[in-house]
Amino acid sequence: MNAPFATALAGWKASPKNKLAWPLVPNVADVDSAESMRIAAGVLDVLDVPKDPGGPLEQAVCDHLRGALPGYGTGHDWLIRRGQLITGFDQYAHLKEVHALVRASSQLRISIGMDYLIKPDVTVGLAGVRTGTGLPPLHAAISCKWTIRSDRVQNIRHECLQMTRHRRGRQPHLVTVTAEPLPSRLASIARGTGEVDAVYHIAFDAMAASVTEHANADQADAWREVTRQRRVLSFGLLADTLASR
């Protein structure tokens, strides 16, 4: 009999270096032991744990916002979902027509591409708001990244830039939620020219304490930079920000 909390604790994590060169490894495995990795992976398969370390974070963000936002008494009917295309929102409804034209033309597919069809990890829409398209406006698009890597930074920036360029109407709040522990990696997404409005850290207070005690000078400087400039914020402020916009 498995412990009732086994699936809540067991999972996958990113691993830049391991015996089998897997991009994701079981969080209980010894990455220097191929047998440990294979057996642990089998355990996760039997437990039906999804091979997606970001998935639980996305769901946790959804659950938190669904519980928190109605309590602000804004009068909004919040639509909080995972993995919804932006074409389902008022500001981006026109991209459906664009997509139909692009699909019908190989020349347009080459010239324009199809990277405007963005599916944010979490979307926050506003139901009951009258719009010209009859679709709800997109209030916020949230990218959930358990950790930060250079390829993820580029993807986040690109998607936010596309949503800014292609919108017709009000700009949604474009943010990232992460658990990344290295300040220099947080800085890599927090710095820039405003493609991302802010980065919200799920363990902000614990990070501040740990950086003070354990970080070297460069990492401590990076943490001070991004927090003092309010580029990295506590996750506890996200609902406040969305409710006040």
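How many bridges join strand β7 to β8, and do the strands run parallel or antiparallel? Strand β7 (residues 198–201) is joined to β8 by 3 bridges, and the two run parallel. The model is predicted: local features need pLDDT of at least 70, side-chain atom pairs count only at pLDDT 80 or more, and totals for chains, interfaces and linings use all residues. Residues are numbered from 1 along each chain as its sequence is written, and side-chain values use heavy atoms, with hydrogens and water left out.

View 1. Strands (E, at least two residues) and helices (H or I, at least four residues) are DSSP runs numbered from the N terminus; two strands pair if DSSP finds at least two bridges between them. V199 stands opposite V232 in β8.

**View 2. Helix α8 against helix α9.** The axes of α8 (residues 204–214) and α9 (residues 217–228) come within 10 Å and cross at roughly 145 degrees. Axes are lines fitted to C-alpha atoms, for helices over the stretch in contact, and angles run from 0 to 180 degrees between N-to-C directions. F204, M207, A208 and V211 in α8 meet A220, W223 and T227 in α9, where contact means heavy atoms within 4.5 Å. By class, this contact has 6 nonpolar, 1 polar and no charged residues. Ala, Val, Leu, Ile, Met, Phe, Trp, Tyr, Cys and Pro count as nonpolar, Asp, Glu, Lys and Arg as charged, and the others, Gly among them, as polar.

**View 3. Helix α7 against helix α9.** The axes of α7 (residues 183–190) and α9 come within 8 Å and cross at roughly 35 degrees. P183, S184, L186, A187 and A190 in α7 meet Q219, A222, W223 and V226 in α9. The residues of this contact divide into 7 nonpolar, 2 polar and no charged.

**View 4. Lining of the largest cavity.** P120, A141, I142, S143, I156, E159, C160, M163 and V175 line the largest cavity. A cavity is a set of points on a 1 Å grid over the protein atoms alone where a 1.4 Å probe fits but cannot get out, and lining residues have an atom within 4 Å of a point. β5 (138–145) and α6 (150–166) are the elements that give two or more residues to the lining. α6 gives the most, with 4 residues.

Notes:
On a 1 Å grid over the protein atoms alone, a cavity is a set of points where a 1.4 Å probe fits but cannot get out, and a pocket is an open set with protein on both sides within 12 Å along at least five of seven lines; lining residues have an atom within 4 Å of a point.
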